[in-house]
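Thank you all for making time this morning. Before I say anything, please take a moment with the sequence and the model.

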Amino acid sequence: MKELEYPFDPDYILRKKKAIRRQLLERPDIKYIDKKIAILGGSTTSDIRQILELFLLDYGIRPEFWESEYNKFFEDAVFGNEELDAFAPDLVFVHTTTRNIISFPRAGQSPEEVDALLDAEYLRFEKVWQSLEVRYGCTVIQNNFEMPYFRLLGNSDATDIHGRVNFISRLNGRFHDYARAHGSFFINDINYVSAEYGIKRWADPGDWYRYKYALSVSAIPDFAFNLAHIIKAIYGKNKKAIALDMDNTLWGGIVGDDGPENIHIGHEDAVSELYTEFQQYVKAHKDIGILLTVASKNDEENALAGLNRPDSTLKPDDFIVIKANWENKDRNIVATAQEINIGADSFVFVDDNPMERGLVSGNIPGISVPEVGAPETYIETMDRNGYFEVTGLSEEDLKRGEMYKANIERAKTQGAFDNYEDYLKSLEMQAEIGPFAPVYMERIAELTNKSNQFNLTTKRCSRAEIEAFAADPKYITRYGRLEDKFGDNGVVAVSFGHEEDEDRAKVFIMDLWLMSCRVLKRGMEYAMMDEFVNECRSRGVSKIRGCYYPTAKNKMVREFYKDQGFDKVSEDEEGNSFWELDLSKPYESRNIAIKVN
Amino acid sequence: MTREEVFAKLNEVFRDVFDDEDIVVTDETTAADIEDWDSLEHINLLVAIERSFDIKFTMGETTGMKNVGEMADKIMAHLG
């Protein structure tokens with residue numbers, strides 16, 4: 001919803017929040033993921049909950065909330081709360097601020113005394129996080145601290161150990177260290193957001209003393225938007241690719257009219273430098289696993305000539321796909337999405353032309369189209385929208401671009417074979433399949449949250465849940481990593497399930513089965529099933545049960561269990577189907593081209 | 001701005017904040033007359049009023065408003 005994208009009007013959101021909520025819930029055909037979010041507050045959280053809900057609904061996440069009593073974050077986490085236990089949160093958000101720091105240093109205290117104060121503050125919070133970890137083992141998001149709105153020591157507040165600015169900076173450093181060491185713990189960086197908003201306007205002592213809001217009520221939309229970015233990233237709602245216009249987006253001028261020698265890029269003048277900074281910003285997205293593509297109305301020759309200028313930061317090779325032609329841009333983006341096998345809704349489309357933006361956002365549901373203004377606002381507008389919020393960079397993220405390129409190479413060689421089986425054999429595929437291993441936990445959790453198409457149950461899991469399944473002897477977990485002569489695809493298949501006793505026999509229930517679309521039709525799912533059948537047999541399991549829950553995106557696996565030799569047991573009105581494989585009967589491996597382990 | 005104009009604008013704010021197109025506020029309207037008007041929504045209401053009239057209530061003012069009539073008086077005082 002445009003009203004909830006940056007640049008938004010915070011007053012409008014606050015005033016119309018009930019109507020906005022109604023409109024969000026009235027949208028047809030939204031497949032929400034449901035999440036239980038506990039807010040443990042050190043100050044009033046009512047509006048934070050309500051505005052956060054709007055942003056999450058907009059991202060396709062339907063939250064159920066539980067709020068602690070006023071300023072009971074410590075007690076609820078450390079001593080426990082039955083209500084919270086019963087709620088069983090998927091995620092806990094600890095909303096504390098500089099108002100919750102108990103003791104600040106005073107001038108005259110020794111360095112040892114100040115260190116002791118710092119330890120005491122830090123350990124109080126660490127205790128909250130450790131208690132939450134033990135009690136719920138769930139994802140935790142914690143605010144860091146905003147800078148104070150006054151400075152007793154003036155500029156020395158930053159450098160002197162007795163200054164609040166210094167004390168808060170050191171405390172934030174310790175919080176950040178904890179976040180780096182804990183995969184399921186994230187910092188909501190209100191230190192940054194409050195600075196961006198304006199520290200003076202953020203800290204509204206009136207709102208604190210009247211309502212016990214630790215930040216100005218007017219700042220809540222900015223605050224909640226930033227927090228929602230982390231939550232949607234955790235639950236796999238990040239964007240994956242950027243589709244870029246060229247003329248007046250990547251450089252100043254029109255390459256087809258002006259000629260490549262006359263466009264503004266490089267360092268010759270102010271406008272060129274501005275576009276160069278934008279190109280650098282775009283290019284840096286490759287390093288965090290974002291795919292770059294072009295959707296430009298141009299002759300391809302001219303488009304390439306622009307990118308091939310020696311002073312152009314972005315080169316043709318930086319893009320996975322370049323569509324420079326005279327087709328409508330929405331069609332070009334849909335075609336690009338099909339070529340690289342991701343959803344068109346996982347694109348961010350950047351274009352200086354409002355007509356093109358309108359066309360694309362009108363015809364591709366779910367795509368993000370930032371309302372960029374003048375070129376000097378491009379970076380800010382893209383950045384504040386948090387499309388690619390990073391919640392941990394896996395090895396996969398860093399190599400993603402190369403892998404998609406290798407896939408396009410594979411597609412080319414396929415044409416040389418008459419027979420698909422021969423093609424598969426020519427790939428010299430080698431799989432590594434094993435129980436969930438610590439090095440892959442990040443990637444496994446990421447896949448459960450990002451895979452939509454080849455996904456039988458679309459069960460979303462946090463890293464903490466994945467680790468718990470891996471440790472539970474009732475569970476069988478398997479990841480699959482696939483390599484071939486074109487390169488390593490990384491971890492592309494994830495499945496797990498659990499044993500249950502039934503009529504004195506053991507049955508195995510498949511809870512999740514997914515595969516990255518990167519390796520469709522390579523037979524990886526058959527190699528994975530072999531592993532499950534072997535492991536189940538060795539555990540004395542008599543039957544494997546699987547189910548298919550339809551979503552808007554997973555039609556390709558409707559007949560998955562049939563292809564794997566399962567019998568259909570039943571199907572209900574919503575299309576949920578239930579399947580069974582009898583292990584007392586002979587099982588025939590369907591894997592023809594993959595060597596395992 | 002006349003008192004009538006202040007009331008017309010106030011009415012819009014009330015309708016937006018409580019998402020109810022049927023609300024008509026008068027001098028005597030109090031929190032008891034509007035279903036969702038609790039202490040938390042009161043905060044939203046004040047912020048929305050401040051924004052739409054481009055004024056800022058002092059802390060003292062916000063604690064002493066008994067009904068919409070008094071609210072309108074305070075707004076008129078700010079508008080000068």
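I will go through the contact between the chains, then the cores, and then a few helices.

This is a predicted model, in which local features need pLDDT of at least 70 and side-chain atom pairs count only at pLDDT 80 or more, while totals for chains, interfaces and linings use all residues. Residues are numbered from 1 along each chain as its sequence is written, and chains are lettered from A and ligands numbered from 1 in the order in which they are written.

Let me begin where the chains meet: 15 residues of chain A are in contact with 11 residues of chain B, contact meaning that the C-beta atoms of two residues, placed from the backbone, lie within 7 Å. On chain A, the elements giving two or more residues to this side are α1 (10-15), α2 (17-26), α3 (46-58) and α10 (205-211), where helices are DSSP runs of H or I of at least four residues and strands are runs of E of at least two, numbered from the N terminus. The most comes from α10(A), with 4 residues. By class, that side of chain A has 5 nonpolar, 3 polar and 7 charged residues; here Ala, Val, Leu, Ile, Met, Phe, Trp, Tyr, Cys and Pro count as nonpolar, Asp, Glu, Lys and Arg as charged, and the others, Gly among them, as polar.

Now to the interior. A residue is called buried if 20 or more other C-beta atoms lie within 10 Å of its own, exposed if 12 or fewer, and partly exposed in between, and a nonpolar core is a set of buried Ala, Val, Leu, Ile, Met, Phe, Trp, Tyr and Cys residues joined through C-beta atoms within 7 Å. The largest such core has 69 residues, of which V92(A), I220(A), F223(A), A224(A), L227(A) and I231(A) touch the most other members. Helix α11 (residues 220-234) of chain A gives the most to this core, with 10 residues. If we leave aside neighbours within four places in sequence, I231(A) is in contact with L56(A), I61(A) and L91(A). Another core, of 45 residues, lies apart from that one and includes F496(A), M515(A), Y561(A) and I594(A).

Which residues does the contact between α8(A) and α11(A) involve? Those from α8(A) are I190(A), V193(A) and Y197(A), and those from α11(A) are D222(A), F223(A) and N226(A). They divide into 4 nonpolar, 1 polar and 1 charged.

Next, helix α22 (residues 524-538) of chain A, whose 15 residues should span 21 Å at 1.5 Å a residue, and whose end C-alpha atoms are 22 Å apart, which agrees; the expected span is 1.5 Å times one less than the number of residues. Among its buried residues are M524(A), M528(A), F532(A) and C536(A), and the buried residues of α22(A) pack against strands including β10 (429-434) and β14 (541-548) of chain A. After α22(A) comes G540(A), with a positive phi near 75 degrees.

In α6(A), L117(A), E121(A), F125(A), V128(A), L132(A) and Y136(A) are buried, and they pack against α4 (73-78), β3 (91-95), β4 (139-143) and α7 (164-181) of chain A.

Finally, in chain B, is L46(B) buried or exposed? L46(B) is buried, because 21 other C-beta atoms lie within 10 Å. Its place is in helix α2 (residues 39-53) of chain B, and, not counting residues up to four places away in sequence, L46(B) touches F57(B) and T62(B).
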